[in-house]
Structure formats: structure tokens, C-alpha cells
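Open the structure in your viewer and keep the selection tool at hand. Each stop below says what to select next and what is there.

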Amino acid sequence: MAQEHQIRSDILDFKPYSAGLSIAEIKKKYNLKQVLKLASNENPLGTSPLVQQTIKKYADCVFRYPRPGSPDLREQLAKTISVPQDCLVVGNGSDEIIDLLMRVKPKPRENNVIIFEPSFSIYGLQAKLCGLETRRVPLNHDLSFSFEKLLSRVDQNTSFVFITNPDNPSGYTVKKDDIFYLAERLPKNSLLIVDEAYMDFVEEKEIYSCLADWAQSSNIVVLRTFSKMYGLAGLRIGYAVMPSWLADFTLRIKLPFSVNLLAEQAALTALQDKEFYRATWETVYHQRHYLQKELKSLNCQVYPSQANFIMFRPPIEAKTIFEKLLARGIIVRTLESYGLNQHLRVSIGMESENKQLIENLREILQTVD
Ligand SMILES: *Cc1c(COP(=O)(O)O)cnc(C)c1O
């Protein structure tokens, strides 16, 4: 491209985010009437009916600007999760909060950010965009975490250490005691960011989540999202709990209207909709057990998961399975962008969808043998 010299040289190698394929794309490409998407860890039950009512109710208000900083939602969240309101930041997805954190605290070309390799791509991308050095620490061979290895890369210039709990794409989950201990051992000016995007799906959350005891520590940020358990991925809304001094400056630099009016109202309703939460939890819990059992019986190596997805290594080439499933109208996630060419990730769907996945997988494996 002739005009590349006009672009910052440190971002020339950025590639578009590799998202799960969309249903519309696949319908068109393979001329299919029905397509099943189990690729982006979306809610198997869809959008809560109560949330849909709220969105309709507020449709005639969208000519108004939302209130900056989503104060109603911050107030409600403070009550719901028992944290001070001035420690809460609401964002356009937790993605926006990750981006804001990278801008507000670390100094470009001076500070570094430590992440596992592989990990959620947004951490590394936003760090690079903000001119920060990213130190990548390999996961253990079984994709579990070594906090000792993480700590060995930390120094006085480390602004953030990121962990994802449960981890994406492996599903690996680590206990909160280990996380608090890691936080204690960081240098004074380093923060531990714990991305709990999938924590809602965990059994015995009290053993794994940092949120309830968050105040015990002065250097932990917890990220949560409405995209998964609450089924609001398309509306873009998430939140973080962080020390009040950091929340203060994060809110000062945030674009005032990045969280839209419908998203804030939908999130308020989603917090009230206990029935949808319960139904989602039960579906994911039972179907996770079902899928794990069936995948194992098809000779797949299944990684333990506490999230609403399962990573596995099929007995034949992952790419072959992916393409054959696609031609049959089932979208799963390849993990090349995570450097895991032998593995696939499937989101847990409704019972009938998971059965369909397993039946198709069985047929594919029988024909290639
Ligand atoms: C899905 C996901 C999120 C949530 O992102 P949103 O921007 O809130 O939709 C955050 N972190 C990880 C690791 C995820 O997989």
C-alpha cells in the first residue's frame, strides 16, 4: 500500500480481529437454510424476554443522550455486588475497559504489561496500540498457569499483569487464594487485572472469584461482562471493580457516551432477571457435562472447563473437522489465532444443538476413519 508511510510504524502489522464466523456468512457460502453457531460463547438461551421488553420500552428514548458514566447502573451494581460505587467503571463491553486501563495508567515506551501466551488477544493488541512493551509468558504445557513464571518477568516498570479466570480458550480456572497471593507479591505500583468474563458459569464461585473479597487487596482489578451470562453481547456492556483512584481517572478519560442508553437499561433489567440467570446456569451446567462425556467417547482430548465453552483436541486434524462441520452448517471456533492448531473450542448450546453437534461429529469421524 502506497500510503503506509503515513501510518504509525508500530501498528503496521495489526490484523483485523479474528472473530467467530457469522451465521449470515455461512448460510450464503454453503447455501444453507439453517446454521448453528457455537463459536463465540454467546448465551445459549438467547436474549432474556424481560430484557427484550425493556429495549422496546426505551426505544422511544434513543433520541436522548445517555447519562455519562452510566450512574444508574453503577448505583445498582454497587448494591448487587457490595462494592463502593466509586470503585466501579461501566464500559462499552469489558473490551473498552481493557483499552481505557492501558491508556490511563502505563506510560508509553516506559511501562510494560505482562500476559500469558496464549491469552485473550485484546490485552496484547491494546497494549501495543498504547505503545507499551508486552511480555508474554508461556502457559504450562497443559495450559494451566505458572504464577512463578509470571513473577519472573515482573519488574518495577510493570503496570499490569493480566489473567483470565476461567481462562479462554482452555477453560482452566484458578483459585482466588492463589490470585490474592500473586497480587501480594507484585511490586507496589503493579496492578493485577483479573478478567472474570466467564466466572458466572463456575461451580463453587466462592472458591474461585476474587469479587466478593476484592477489598482485601489494594491492587486487584476485576473485569466482568454482560456479554455471556446475561446475553447482551450485541449491546456491548461490561464493568470493572478497581481502586477508587484508578476508577476516578478512568472515568475522566472515557468517552462520555460510549455506553448507550439501551445497553444501560438492558443491563439493569438483566440484573433483576433472576429466572433467566438461573435457566442459563442450569443449561450450561448440564450441557457442559453432556458435551464433555460425549466428546470423550468420540476420542477427543477434553480440557476441564468451568465456563460456557469447551476446548478439545479431536483425534484427527482440527481444521478438517472445522471445515466439515461448517459445510454441515455448524460453526465452531478454530484456535489458530491462539497458536493452538490442533484444538477446537465449542460454545455450550441448548440440548438439541449440542446433540446435533455430537451427531455430526460422530458421522464426520466415522467417514474419515
Ligand atoms: C468474551 C470475553 C470478554 C468480554 O468482552 P466484552 O467486551 O464485554 O464483550 C472479556 N474477556 C474475555 C477473555 C472474553 O472471552
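**First stop: helix 3 and helix 10**

Helix 3 and helix 10 are roughly parallel to each other. Keep in mind that you are looking at a predicted model. To see the pair, select residues 71-81 for helix 3 and residues 261-272 for helix 10; their axes come within 9 Å and cross at roughly 20°. An angle under 35 degrees counts as roughly parallel, which is why the pair gets that description. The crossing of helix 3 and helix 10 is left-handed.

Now show the side chains where the two helices touch. On helix 3, pick P71, D72, L73, Q76, L77 and T80; on helix 10, pick E264, A267, L268, L271 and Q272. Sorted by class, this contact of helix 3 with helix 10 holds six nonpolar, three polar and two charged residues.

Next, move to S82, in the loop between helix 3 and strand 2 (88-91). What is the phi of S82? Phi is positive there, about 55°, although S82 is not a glycine. Most residues other than glycine have a negative phi.

**Second stop: helix 4 and helix 9**

Select residues 93-104, which form helix 4, and residues 244-253, which form helix 9. The axes of helix 4 and helix 9 come within 10 Å, and they cross at roughly 105°. That angle makes helix 4 roughly perpendicular to helix 9.

For the contact, display L100, L101, R103 and V104 on helix 4, then L246, F249, T250 and I253 on helix 9. The classes here are six nonpolar, one polar and one charged.

How many cavities of 30 Å³ or more does a search of the whole structure find? The search finds one. The largest cavity has a volume of about 30 Å³.

To find the place, select the lining: F116, P118, S119, L139, F145, F162, I163, T164 and D167. Six of these lining residues are nonpolar, two are polar and one is charged. Which element gives the most to the lining? Colour residues 158-164 to see the answer: strand 5, with three residues.

Select N165 and P166: the peptide bond from N165 to P166 is cis, with omega near -5°.

Then go to P169, which also has its place in the loop between strand 5 and helix 7. Select N168 along with P169, and look at the peptide bond that runs from N168 to P169. That bond is cis, with omega near 10°. Most peptide bonds are trans.

**Last stop: helix 12 and helix 13**

Select residues 318-327 for helix 12 and residues 351-368 for helix 13. Helix 12 and helix 13 pack at an angle of about 120°, and their axes are 10 Å apart. That makes helix 12 oblique to helix 13. Is the crossing of helix 12 and helix 13 right-handed or left-handed? Helix 12 passes helix 13 in a right-handed crossing.

Finish with the side chains of this pair. I321, K324 and L325 of helix 12 meet L357, N360, L361, I364, L365 and V368 of helix 13. By class, the contact of helix 12 with helix 13 has seven nonpolar residues, one polar and one charged.

Note on methods. Residues numbered from 1 in each chain as written. Predicted model: local features only at pLDDT ≥ 70, side-chain atom pairs only at ≥ 80, totals over all residues. Heavy atoms only, no water. 1 Å grid on protein atoms, 1.4 Å probe; cavity = no way out; pocket = protein on both sides within 12 Å on 5 of 7 lines; lining within 4 Å. Points joined across faces, edges and corners; volume = space filled by probe spheres on them. Helix = DSSP H or I, 4+ residues; strand = E, 2+ residues; numbered from the N terminus. Nonpolar A, V, L, I, M, F, W, Y, C, P; charged D, E, K, R; others polar. Axes fitted to C-alpha atoms, helices over the stretch in contact; angles between N-to-C directions. Parallel < 35°, antiparallel > 145°, perpendicular 65-115°, else oblique. Left-handed = near helix turned anticlockwise from the far one by under 90°. Contact = heavy atoms within 4.5 Å.
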